[in-house]
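This briefing is for a reader who is new to the structure below.

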Amino acid sequence: MQEKERAKSSSSNICFIAREHSGKNFMAETAAEYWNRYYGTRTSPVPNIPSQFAAFVALEAAADATIVDIGCGSGRDSLFFANAGFNVLGIDASSAAVSLCQHTAEERGIGRASFLCCNVDDPALADRISASTTGRIVVYARFFLHAIPEEAELAFLKTAAAVKDVDLLAIEFRTDRDAQQTKVTDSHYRRFIPPLDFLARAARHGFSPVYFTEGFGYAKYRNDDAHVARVLMRKA
């Protein structure tokens, strides 16, 4: 019998360590390896229905905005935004996730979405985003910040602040009140974030909230009714 133990390394990479109950380590993998395995072995289709947060942001974003979906994963929300008429750049550190997004977009005939494989702490990421987009930018990150360590979150905020023409920062994450709640995917690394602490860190990068809420019912999935924070921010 096995159990999963998730641990952060000293860098922005996360190390997933599987152990026997005796405590003996028998496998370790980096975050990239974990997510490549997760998306590379996926057999279920990418949902056509967006997350609740994506539907909310689509009504808040300017009609001519480009959505930059950081940590796009399967591309569920990226493809929804593209179908809704937005130009979209989806970014993920997992090459398997990016391949899945590209394949799904091609299969569904979605032409407004492009995808980039890049780590959030890549110092060139802001320039790569600016080179790949035009007009006003919405930096979108759903269920991403709690899946990375705090130092990677700071790299995310630094990148968002450096992107030219950022109109809106749209983020949804699990809060510290979610730590003891039921989880459907137990093996995922999670960091439970006190919302006011995140707002303070974002403020140090020049962002000020224009909308904030938190609670249950915003991101329910099966038995997992996550306690999340939603925040829309603009440059102060």
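pLDDT is the predictor's confidence in each residue, on a scale from 0 to 100. The model shown is predicted. Its mean pLDDT is 88, and 88% of the residues reach 70 or more.

**Confidence**
- Over residues 1-12 pLDDT stays under 50, and the model has 36 contacts beyond four places in sequence for this stretch.
- Where pLDDT is low, the predicted coordinates should not be read in detail.

**Helix H1**
- Helix H1 spans residues 31-40, and its residues Ala31, Tyr34, Trp35 and Tyr39 are buried.
- These residues lie on the same side of H1, because the arc they cover around the axis is only 115°.
- An α-helix has 3.6 residues a turn, so residues three or four places apart point the same way.

**H1 against H4**
- The axes of H1 and helix H4 (residues 95-108) come within 7 Å and cross at roughly 30°.
- On the H1 side, Asn36, Tyr39 and Gly40 take part in the contact, and they meet Ser95, Ala96, Ala97 and Leu100 of H4.
- The residues of this contact comprise 4 nonpolar, 3 polar and no charged.

**Cysteines**
- The whole structure has 0 disulfides.
- Cys101 is in no disulfide, and its nearest cysteine sulfur, that of Cys72, is 4.0 Å away.
- Cys101 counts as buried because its relative accessibility is 0%.
- For Cys118, the closest cysteine sulfur is in Cys117 at 7.6 Å, which is too far for a bond.
- Cys118 is buried as well, with a relative accessible area of 6%.

Key:
Residues are numbered from 1 along each chain as its sequence is written. This is a predicted model: local features need pLDDT of at least 70, side-chain atom pairs count only at pLDDT 80 or more; totals for chains, interfaces and linings use all residues. Side-chain values use heavy atoms; hydrogens and water are left out. Buried means under 20% relative accessible area, exposed over 50%, partly exposed in between (1.4 Å probe, protein chains only). Helices (H or I, at least four residues) and strands (E, at least two) are DSSP runs, numbered from the N terminus. The arc is that of the directions from the helix axis to the C-beta atoms. Contact means heavy atoms within 4.5 Å. Axes are lines fitted to C-alpha atoms, for helices over the stretch in contact, and angles run from 0 to 180 degrees between N-to-C directions. Ala, Val, Leu, Ile, Met, Phe, Trp, Tyr, Cys and Pro count as nonpolar, Asp, Glu, Lys and Arg as charged, and the others, Gly among them, as polar. A disulfide is a pair of cysteine sulfur atoms within 2.5 Å.
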